[in-house]
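Dear colleague,

I am passing on to you the structure we talked about, and below it I have set out what was found in it. Please keep it open beside this message as you read.

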Amino acid sequence: MTFPIVSHPDYIAPLKPNHRFPMSKYGYLRQALIAEGIVTGEADFVTPTEASFAQIAAVHAPDYVDRVFSQTLRPEETRRIGLPHTPAVARRARLSAAGTMLAARLALEHGVACNAAGGSHHAGPDGGAGFCVFNDVAVAARNLLDAGQVHRILVIDLDVHQGDGTARIFAEEPAVFTLSVHAEKNYPARKAPSDRDIGLADGVEDKAYLARLDGVLDEVVATARPEIVFYNAGVDPHANDRLGRLALSDQGIAARDRLVFEKTRARSLPVVGVLGGGYDDDIHALAARHALMFRAAASV
Ligand SMILES: [Zn+2]
């Protein structure tokens with residue numbers, strides 16, 4: 001393994017058959033990372049243990065965290081999240097937040113580390129939404145700041161949906177700079193202002209996307225002057241994505257991921273990659289698409 005990859009078998013929580021959330025992709029991704037030689041085997045994954053109440057309550061309302069932990073969410077909260085409130089889903093959310101925290105610690109040590117889950121960017125201060133229970137990147141960022149390990153953080157969110165939860169959590173926090181590049185007409189209908197938002201028109205393809213990204217990355221790195229970067233590498237800007245609206249190819253996604261790692265690593269910035277969204281009925285194609293970030297991380 002060229003860089004640490006955090007994963008856990010319980011990133012997969014059982015759902016009803018044909019649930020619209022592609023839970024099985026996390027397992028297929030583990031297989032794809034082994035098949036592609038990015039990790040040498042199951043034992044090569046770094047394994048997190050569940051995040052604590054205090055770590056999560058640093059960014060989410062304590063009564064909400066308590067309701068997730070005890071499976072006592074209100075029906076409207078469960079509906080907004082779009083996942084059942086089972087013990088396995090709660091455990092998965094705690095493991096995923098812990099995974100991004102662990103990856104952040106490893107990135108500070110090794111330069112690059114990735115969590116093979118996470119990117120739950122719609123979870124905000126008061127609760128979850130859009131398949132996101134706890135905002136793992138926000139939990140990791142907040143805990144790093146509170147521990148005094150870093151003082152300035154940049155979040156590069158390239159999932160096709162706007163990073164509204166992260167934007168809300170850090171709205172009043174100057175130490176965290178949030179960038180979201182997304183499809184303007186996509187979910188969430190009501191956006192929350194990031195420090196920098198780029199809302200793209202439907203159907204944007206590789207060339208235009210990469211040109212836009214190239215410029216904005218230089219700009220935000222210069223403005224934010226981060227000591228660590230969190231990268232949400234959602235693959236839902238892909239043309240085949242059923243929740244997308246943009247039209248990137250596999251090559252475009254790969255070029256995007258390389259661009260992020262090259263620009264940040266050229267400045268010796270530690271980078272934490274997280275998975276983000278991706279919705280394709282072809283689960284093997286989807287897992288391979290998510291593996292692109294890990295390949296890009298391995299190449300720098
Ligand atoms: Zn998304």
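This is a predicted model: local features need pLDDT of at least 70, side-chain atom pairs count only at pLDDT 80 or more; totals for chains, interfaces and linings use all residues.

Sorted by class, the contact of helix 8 with helix 9 comprises 7 nonpolar, 1 polar and 5 charged residues. The axes of helix 8 (residues 206-224) and helix 9 (residues 250-265) lie 10 Å apart and form an angle of about 10°, which makes helix 8 roughly parallel to helix 9, since angles under 35 degrees are counted that way.

Turning to the metal site, the zinc ion is coordinated by Asp159 through two entries labelled OD, by His161 through ND1 and by Asp236 through OD, at 1.9 to 2.7 Å. The angles subtended by the 4 donor atoms around the zinc ion run from 53 to 155°, and the arrangement is therefore irregular. In sequence, the donor residues follow the spacing D-x1-H-x74-D. Asp159 sits in the loop between strand 3 (153-157) and helix 7 (164-169), while Asp236 sits in the loop between strand 6 (228-232) and helix 9, so that this pair, 77 residues apart, links distant parts of the chain. Both Asp159 and Asp236 are buried.

Finally, helix 6 (residues 136-146) is largely enclosed by the rest of the structure, because 10 of its 11 residues are buried; among them are Asp136, Arg142 and Asn143. Just after helix 6, Gly148 adopts a positive phi of about 70°.

With best wishes

Technical notes: Residues are numbered from 1 along each chain as its sequence is written. Side-chain values use heavy atoms; hydrogens and water are left out. Axes are lines fitted to C-alpha atoms, for helices over the stretch in contact, and angles run from 0 to 180 degrees between N-to-C directions. Helices (H or I, at least four residues) and strands (E, at least two) are DSSP runs, numbered from the N terminus. Angles under 35 degrees count as roughly parallel, over 145 as roughly antiparallel, 65 to 115 as roughly perpendicular and the rest as oblique. Ala, Val, Leu, Ile, Met, Phe, Trp, Tyr, Cys and Pro count as nonpolar, Asp, Glu, Lys and Arg as charged, and the others, Gly among them, as polar. Donors are N, O and S atoms within 2.8 Å of the metal (3.2 Å for Na, K and Ca); water is not among the atoms, so sites may look incomplete. Four donors count as tetrahedral if all angles lie between 85 and 135 degrees; four count as square planar and six as octahedral if opposite donors are over 155 degrees apart and all others between 65 and 115; anything else is irregular. Buried means under 20% relative accessible area, exposed over 50%, partly exposed in between (1.4 Å probe, protein chains only).
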